Amino acid sequence: MPDLLRLRRFSLFFAVALLGVLLLAAPSAHAQGKRKVIQFTGIVASGDSLLGVPGATIYVPKAGRGTSSNAYGYFSMAVLAGDSIVIRSLGYANQTIVIPPDFQRQSYSVIIQLQEDATMLGEVRVFPYTTERDFKKAFLALRLPTEKGTAAADNLNEQLMRRIFNSQPMGPTANFRQTMQQQQLEYDRRQGMGPSQYSNNPLLNPFSWLQLIQQVKKGEFKKKDNDD
C-alpha cells in the first residue's frame, strides 16, 4: 500500500513537471515559427549599364503578392524572412532572390542586374491556300480589272478631289503654319513694319500726307502748257 501511494505521488509530480516544461517551451516555439517582416528595396537595372528597367515585376510566388518598379527601376515592398522573390521583365531572363531565414535586420536592399534574353521567333507565313503551289496557281490565273471604272480611277476623279480639298479640314501642320504666320504678322504690325489700316489707307498714313505736301510744293500737280 505505501508503495502504491508513492507511485501515485511520483506520477502526479512527473505530470506537473512535464506540463510546466511544455508551457515554458510554447512561447519560444511560437516565436521561432513566426517569420520576421523585412522591407525589401532595390533597383532593377539592365545588365552592366545600371539603367533602370521600368515596369519590372517583383513578386513572391508562394504568397501571391508583389509590386513593380517605377520609371527609374526603383521598388519597395514588405517580405518575410526566407521568402523567394522572383524578378522578371519582358526581354530579360528571370532572376530569383532568397531572403535568408535568419536575417535579423529591418531592411534588405539590392541592385538587381537583369540579363537580356532575346528570343527570335520563327517566320510565320499565312496563306489562304493549303499549299504554296495553289497560291501561285491562283495568282497567275488572277485577272486584274481595267483602269477605267475601277475604284482607283474613281478616287482620282478631278471633281471628287476638288470637293475633298474644299471640305477637308486643315491638318496639324497647316494649323501650326497658319498660327506662326499670324503671330509673325502681329509682331510686324506692332513694330511698324507690317501692313496695317494706316499703311493700307493712304488718307490715314502720315507718310503719304508728307509725300503729298512735298509734291504740291514742287508743283508736280500744276498743269503744263502742253497738257490738255
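Let me begin with one side chain, that of D83, which makes a polar contact with the side chain of R65 at 2.9 Å. Please keep in mind throughout that what we are looking at is a predicted model.

The side chain of D83 also reaches the backbone nitrogen of L80, again with a value of 2.9 Å. As for where D83 is placed, you will find this residue in the loop between β4 and β5. Is D83 buried or exposed? Its relative accessible area is 5%, and because buried means under 20%, D83 counts as buried. If we leave aside residues up to four places away in sequence, D83 touches R35, V60, R65, I97, V98 and I99.

Now let me move to the sheet. Three strands form an open sheet, in the order β4-β1-β7, and the pairing is mixed. The edge strands, each of which pairs on one side only, are β4, residues 74-80, and β7, residues 107-114. From one strand to the next, the twist averages 25 degrees. How many bridges join β1 to β4? There are seven, and these two strands run antiparallel, with β1 covering residues 37-46.

Finally, I would like to turn to S89, which sits in the loop between β5, residues 84-88, and β6, residues 95-98. S89 has a relative accessibility of 16%, and therefore this residue counts as buried. Not counting residues up to four places away in sequence, S89 touches V53, A56 and L114.

Methods. Residues numbered from 1 in each chain as written. Predicted model: local features only at pLDDT ≥ 70, side-chain atom pairs only at ≥ 80, totals over all residues. Heavy atoms only, no water. Pairing = 2+ DSSP bridges. Helix = DSSP H or I, 4+ residues; strand = E, 2+ residues; numbered from the N terminus. Axes fitted to C-alpha atoms, helices over the stretch in contact; angles between N-to-C directions. Buried < 20%, exposed > 50% of the residue type's maximum accessible area, 1.4 Å probe, protein only. Contact = heavy atoms within 4.5 Å. Polar contact = N/O pair within 3.5 Å; in protein donor to acceptor, adjacent residues only side chain to side chain.
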